[in-house]
Amino acid sequence: MSDHNSENNKEQVQVFDDEKKILLDHDYDGIRELDHPLPKWWLFTFYLTIIFSVPYYLAHTFGGADSIQKEFKEEVLAAQNSQKEYDDEKGKFNLEEYQKVIAGPKFEKIAKKTYKRKCKACHGKDGGGGVGPNLADNFWLHGDGSLETVYNTINKGVVDKGMAAWGAKLGKEKVYAVLKYVADFKGTTPSNPKEPQGKEYK
Amino acid sequence: MNDKKLETFSYDDSVVKKFAIATVLWGAVGMLVGVILAAQLADWRFNFGLEWLTFGRLRPLHTNAIIFAFVGNSIFAGIYHSTQRLLKARMFSDMLSNIHFWGWQLIIVLAALTLPLGYTQGKEYAELIWPIDILITLIWVVFAVNFFGTLKKRREKHIYVSIWFYIASIITVALLHIVNSISLPVSLMKSYPIYAGVQDALVQWWYGHNAVAFFLTTPVLGLMYYYVPKAINRPVYSYRLSIVHFWSLIFIYIWAGPHHLLYTALPEWAQTIGMVFSIMLWAPSWGGMINGLLTLRGAWNRVREESILKFFVTALTFYGMSTFEGPLLSIKSVSSLGHYTDWIVGHVHAGGIGWNYMFAAGMLYYMVPKLWKTKVYSEQIAKAQYWTATLGLLLYYVSMVVAGITQGLMWRAVDAKGQLVYPSFIETVDKIVPMYWIRLIGGLLVLTSMLMMIYNLYKSIKNAPKNVEEEEFQAEALDHNKYKNEKGHRKLEGLTATFTVLATIAVLVGTIIEFVPAFLSKDFIEVSEKVKPYSPLEVAGRDIYIREGCYNCHSQMIRPMVSEYLRYGKASEAAESVYDHPFQWGSKRTGPDLARVGGKYPDSWHYFHMKDPRKVIQGSIMPEYTWLFGEKTEYQVLTKKLKVLKSMGVPYSEEEIYNASELAKEQAKEITLNMADAGVPMKMQNKQIIALIAYLQRLGVDMKEEK
């Protein structure tokens, strides 16, 4: 049988001289406690967070300070304005730009890669269609098959039908490249063509 | 003076030993599951094509195993060990101790069986189904009775700060678990939570946040106050600091839950509460770290030699780091960047590995030799374990913070044209996959370190002398009359019932102030007539979504931020999830938000995407869900499900309920017909994939258009 405290505490708790006067008489299984005051910097930090928080809360909940919703509305408006500006000026099909892109040195590689990665899954590897329509025939759901209308479809997409607005995703150069790639399907015979959709344009 | 009556008693260490062994075994299991998950995000094929191992089903097993099995068993080991010694009393009942131990292990085994099979409640960290929830409640009550019974028969008048923390934890965890788990059963394995949408979100994150607080933090702080001064043999730095930081910590912690819901459809006043209370939590949290680290005064040279101290010092440092990062992440603008990203994953692992695992390791190295009357087998292995774990943790944390911030910045980048710079989501995933590989290495190192500890402890125990007799101790019986003239907090420390009541009040204040408006005020959620309940087939699909744990990778909450508006559409509103039992807002976007995915693609897109995501999206890391194409939709239970939902306020007509299964079959037929063009055969109409597509196509469509 042993006295209670002897189980773990063969050695005495080590107390420095300057601590002796703040050593409390508490003893729990040999654990002692000092009575140091709260560290000043700690207390200061605590007060600071409170001093920040209370007015912040009041201002945001009752004082009409900028709210998440208000900021959101402003941001959306700003984005919409820049979109509009961009659409009006630079977003349109421009034949000269198009020709410059398709005459460029890396054009073929870009066109092929973009089509394979972004379009093939829905339009087939040779444009024969799948989830999306056949792009090699003379039937079009949107526009008349002219460069400009096909460009518009690719650029803006048919979002609610699953065809994304590729302009925003790819940028104009890649859209031109892939446009040429699609235009070149015309007259070819895909291996597994989907039945025609839309109106025929000769 | 001399007629002291000495009582003789002994401690029940056998239950402590059991909990200690369970700690390391479950710890290794939990970490192994974590490593598999990490591998799956680096390369999806690590689910080996097995539905039970897919990310959505396995991740809840990892989180539950680490929190409740690993850390759970470690705090029980520590509490049973230290409480008896701090109170100079054997546990109230050896039988209750044993029921607690075996009951808890049973819960863990049940969790490990049900979660991979897809039996889940669909609420994060509270996934376990209702029968297991009831079992948890019962076992917790057993624990509480055993603990408070021991308090009653203590031989030490005053309770030490460790005990304060244990009391607060036991009470609060019970409260959290019960309030959050209330649900109405449909069958033995399935139930719907009584809360829906924004209310469910508020309750869930009050729970989720405070599970971190009162399961992973406060009990461990209690353990810290016992094992750190014990291991160093130095007096605790400041008793006053203990008092102030204990009360401020438990009072403030409970309020901070809504910081998980910043920028969501939760009313802004509640979000702001979450933010400011998190900021005020910083100093109280650090109080524990300061008291621990300053206790080391004069002993720092020993940290270089002794592994136990290395583990403790590192644990306290990471505790301090995480409790600084937490308030930082709760600032609205920081949250807008970090939320839904891997930064949060890094944050919790700094806590989970840095604080909980490191502390448990130090505690076990202290406790095991004492319990088994032996020596640690190899100080060398302990040291190697420490460095392996630390390196693993650093790789883990740094890779996740880099991944999180990188992806967060990519998601929000909007250019001068007012358009997203990275409109395709997968591009932002591709970019961080290398970080996922680094994280995997980090995780492997941490797991390895755990195995080293298991080996080391196993060898230590094997070398222990057999048949050691239970040691006996003597102490005076407690005479309450001796302490009549005390004042202030010291007096309170002698009045355990009053202390418990005050601690309970401290955690109830924040709870009540946050909950009452949410449940009583009509303005809390603007109801919209446009939002209709899910059709029966959509309910079936939703339950598949929950079963597969899609919420582990997908959110359903578009935040009011311009980049989200451009990527996903109109910001989500509270009215849109009023019928969501449980809510599925999610907390992590490994894949894109799905709140408005309805109508975004044709039905056939989802059909092919779910079968093989990489056929549709190159480089996707989403699992294949091939079994949904073989298993049949359960139409028969739909009537029962609708009935239960109706009883919770979802307005279904009697006719709908009665005809639920017919209605569902009709809708399934229609969807399948729709996909005939794409080559989907009609024989698929009764398969689960069709129900899931019905649900996905419904998401967000009720309030899609601008006002």
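In chain B, 61 residues of domain 1 are in contact with 55 residues of domain 2, contact being heavy atoms within 4.5 Å. This is a predicted model, where local features need pLDDT of at least 70 and side-chain atom pairs count only at pLDDT 80 or more, while totals for chains, interfaces and linings use all residues. Residues are numbered from 1 along each chain as its sequence is written, and side-chain values use heavy atoms, with hydrogens and water left out.

Here's how the domains are laid out, with bounds from an automatic or database domain assignment.

| Chain | Domain 1 | Domain 2 | Distance between C-alpha centres |
|---|---|---|---|
| A | 2-34 | 95-200 | 82 Å |
| B | 8-462 + 493-511 | 536-698 | 33 Å |

Back to chain B: its two domains bury about 4700 Å² between them, and carbon and sulfur atoms give 63% of that. Buried area here is the accessible area (1.4 Å probe) that two parts lose on being put together, summed over both. On the domain 1 side, B:Trp44, B:Tyr192 and B:Tyr340 supply 18% of the buried area, more than any other three residues.

B:Lys190 and B:Asp543 are joined by a salt bridge at 3.0 Å, N to O.

As for residue classes, the domain 1 face that touches domain 2 of chain B has 32 nonpolar, 18 polar and 11 charged residues; Asp, Glu, Lys and Arg count as charged, Ala, Val, Leu, Ile, Met, Phe, Trp, Tyr, Cys and Pro as nonpolar, and the others, Gly among them, as polar.

How values were computed:
Chains are lettered from A and ligands numbered from 1 in the order in which they are written. A salt bridge is a side-chain nitrogen of Lys or Arg within 4 Å of a carboxyl oxygen of Asp or Glu.
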